[in-house]
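Dear colleague,

I am passing on the structure we discussed, with notes on what was found in it. Please look at the model first and then read on.

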Amino acid sequence: MDTFIQQLINGLSLGSLYALIAVGYTVVYGILQLINFAHGEVFMIGAFGALTTSLVLFNGNTALWTLPVMIIGAVVASVTTAVLMERFAYRPLRNAPRLAPLITAIGVSVFLQELVRLNYNKVPFTSWNPFNLPDAKSRIPFPQIDVVTGPAIQVGGVTIQRAAIFTIGALVICSALLWYFINRTKMGRGMQAVSQDADTARLMGINVDRIIVVAFALGAVLAAVAGVAQGLQNNNIDFRMGFLAGLKAFTAAVIGGIGNVEGAVLGGLVLGVTEAMATQYIPGQFGGGPWKDVWAFVLLILVLVFRPQGLLGAKEVDRA
Amino acid sequence: MTAMLEVRDLKVAYGKILAVKKISFSVEEGQIVTLIGTNGAGKTTTLRTISGLIRPASGEILFQGKRIDTVPAHQIVSLGLAHSPEGRKIFPKMSVEENLLLGAFSRQDSEINQDLDETYDLFPVLAERRAQQAGTFSGGEQQMLAMGRAMMSRPKLLMLDEPSMGLSSLMMKVIIQTVRKLQPQGTTILLVEQNAQAALSLADHGYVLEVGTIVIKGTGKDLLVNDAVRKAYLGED
Ligand SMILES: Nc1ncnc2c1ncn2[C@@H]1O[C@H](COP(=O)(O)OP(=O)(O)OP(=O)(O)O)[C@@H](O)[C@H]1O
Ligand SMILES: [Mg+2]
């Protein structure tokens with residue numbers, strides 16, 4: 001029983017990370033029918049934003065109070081990246097055939113990875129801060145914040161990593177705020193309207209361009225928080241971290257029903273728990289850690305075969 | 001006196017196909033004006049161009065004396081021009097009340113709730129079902145919702161694109177009565193219809209559109225007895 005609970009917690013913590021990133025795929029898809037494959041990089045840049053904030057402002061200080069500032073740094077980095085990406089890469093292709101923005105997304109993704117890999121240590125903070133930013137060609141240690149990292153907590157036979165609590169808590173708070181934004185604010189209602197029928201939304205006086213920017217920014221905020229969570233969980237970050245996390249989160253969005261925000265959260269959690277359980281309970285040569293990614297995508301295939309609209313139903317794309 | 005809406009030499013193209021070929025018409029304040037014509041005549045295209053959803057190839061559109069043909073679509077409704085589109089286009093996954101509130105999206109004032117109550121008075125069916133998902137409504141109910149939603153912006157000019165589409169004759173009567181009620185409240189109406197009989201009996205002025213060109217114009221009364229109109233649009237020979 002302890003093992004089961006242990007894996008459930010591991011799965012929920014991993015799944016919360018996927019869920020936080022998956023929301024960004026789904027919100028943008030819901031409005032533009034665009035799969036923003038560069039969203040994984042928005043997550044990665046969030047982690048680097050947090051790291052940079054800590055290195056430049058706090059210089060080794062890992063007190064708990066620095067964490068909120070790091071999160072703000074992450075959010076600024078991610079949102080800036082996402083908004084610029086929308087403005088300069090996707091907006092010019094708004095009326096192009098759907099393949100064009102998709103290929104562009106892959107290009108943006110590679111561009112951002114290389115940008116970080118080659119240039120991170122050249123960021124000119126050094127003139128006013130005696131601190132050199134590290135080289136991003138290899139993994140960089142992520143600041144381990146007091147209280148949120150450190151010795152795991154033991155409850156009976158179950159070990160709970162502190163960073164796991166942070167991640168799950170972050171998902172709970174972000175989901176609640178997101179729900180409130182989408183369902184209870186005017187801008188959120190405008191966003192739903194654009195996703196259901198963009199032209200009619202314009203007749204209501206809704207600025208569709210503005211809503212699209214908000215959608216990208218919203219996804220970026222959650223991805224930034226995920227970036228910090230990942231840094232805390234893994235103790236280090238690197239320029240490639242967005243690839244697999246992004247792919248998994250996209251998978252989660254599809255499993256939940258792409259375009260559906262609740263679906264993205266549920267899909268993330270289901271995917272995380274599936275991976276954890278498969279690692280633990282599948283015996284023999286197909287079990288264990290190395291196979292967990294395989295089981296994640298097996299789950300995707302099963303969902304696509306038996307419930308192609310996803311667990312909670314995708315946004316219908318039958319706009320004639 | 002300048003007209004509330006004036007369309008001058010309007011041309012609209014989809015690619016190389018001219019859907020609207022140099023039409024001119026105007027709508028005076030307080031009037032009901034109708035644009036009738038068969039399928040593909042260019043009626044919807046004209047309304048969508050006035051609303052800014054499509055850009056004209058040439059020509060001018062003036063609303064209360066000001067050019068609006070370069071104004072972005074989302075800024076047009078706050079000038080006082082509301083458009084209830086063809087096929088109703090209500091937001092299916094939102095409640096009746098949310099749909100109505102979206103109609104007031106462009107407004108900042110504090111009287112939105114008051115107008116909500118007035119809309120419910122005008123369409124009691126909507127009041128009973130304010131929490132219901134709009135996509136589950138019947139065609140007639142959706143039409144009332146679409147009209148109510150357009151009214152929520154407090155328009156000076158309301159454009160209705162085929163409100164009769166797919167409705168029973170009973171439902172038609174309700175819609176016609178509603179249009180009649182709006183006029184004395186000071187709302188000017190531009191009504192696009194295939195149902196020429198209903199539209200012309202309501203209208204002060206009418207224009208007949210045929211493959212992108214206005215072929216006949218006159219008062220509603222005159223057009224109702226016009227031979228060509230009777231033959232082509234009122235099903236008489
Ligand atoms: N998005 C579009 N792309 C290309 N052609 C279009 C488009 N929309 C309309 N058309 C063409 O423009 C012409 C006018 O269409 P429009 O919808 O304005 O007619 P309508 O008078 O509203 O007809 P109906 O009574 O059937 O609604 C038609 O020939 C139509 O095929
Ligand atoms: Mg039409």
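**Ligand 1 and its shell**

An oxygen atom of ligand 1 sits 2.4 Å from an N or O atom in the side chain of Thr45(B). Please keep in mind that this is a predicted model. On the nitrogen side, the side chain of Tyr14(B) has an N or O atom 3.3 Å from a nitrogen atom of ligand 1. On its own, ligand 1 has 630 Å² of accessible area, and the protein covers 60% of this.

How many residues surround ligand 1? There are 13, and the closest are Asn39(B), Lys43(B), Thr44(B), Thr45(B) and Glu86(B). By class, the shell consists of seven polar, three charged and three nonpolar residues. Helix α1 of chain B, residues 43–50, supplies the largest share of the shell, with three residues.

**The four-stranded sheet**

Chain B has an open, antiparallel sheet of four strands, ordered β2-β1-β4-β5. Its edges are β2 (17–27) and β5 (66–67), each of which pairs on one side only. Within the sheet, β1 (residues 5–14) and β4 (residues 58–63) of chain B are antiparallel and share five bridges. One residue pair can be named here: Leu5(B) has Phe63(B) in β4(B) as its bridge partner. Helix α1(B), which also contributes to the ligand shell, packs on this sheet and touches β1, β2 and β4 of chain B. The direction of α1(B) makes about 115° with that of β1(B).

**The six-stranded sheet**

Another open sheet in chain B has six strands in the order β6-β7-β8-β3-β9-β10, and here the pairing is mixed. The edge positions belong to β6 (81–84) and β10 (213–219), each pairing on one side only. From one strand to the next, the twist averages 15°.

Which way do β3 and β9 of chain B run relative to each other, parallel or antiparallel? Strands β3 (residues 32–36) and β9 (residues 205–210) run parallel and are joined by four bridges. Val33(B) is found opposite His205(B) of β9(B). Helix α6 of chain B, residues 139–151, packs on this sheet, where it touches β6 and β7 (157–161). Its direction makes about 170° with that of β6(B).

Regards

Technical notes. Residues are numbered from 1 along each chain as its sequence is written. Chains are lettered from A and ligands numbered from 1 in the order in which they are written. This is a predicted model: local features need pLDDT of at least 70, side-chain atom pairs count only at pLDDT 80 or more; totals for chains, interfaces and linings use all residues. Side-chain values use heavy atoms; hydrogens and water are left out. A residue is near a molecule or strand if one of its heavy atoms lies within 4 Å of it. A polar contact is a pair of N or O atoms within 3.5 Å; within protein, one must be able to donate a hydrogen and the other to accept it, and residues adjacent in sequence count only if both atoms are side-chain atoms. Accessible areas come from the Shrake-Rupley method with a 1.4 Å probe; for residues, only the protein chains shown count as cover. Helices (H or I, at least four residues) and strands (E, at least two) are DSSP runs, numbered from the N terminus. Ala, Val, Leu, Ile, Met, Phe, Trp, Tyr, Cys and Pro count as nonpolar, Asp, Glu, Lys and Arg as charged, and the others, Gly among them, as polar. Two strands pair if DSSP finds at least two bridges between them. Contact means heavy atoms within 4.5 Å. Axes are lines fitted to C-alpha atoms, for helices over the stretch in contact, and angles run from 0 to 180 degrees between N-to-C directions.
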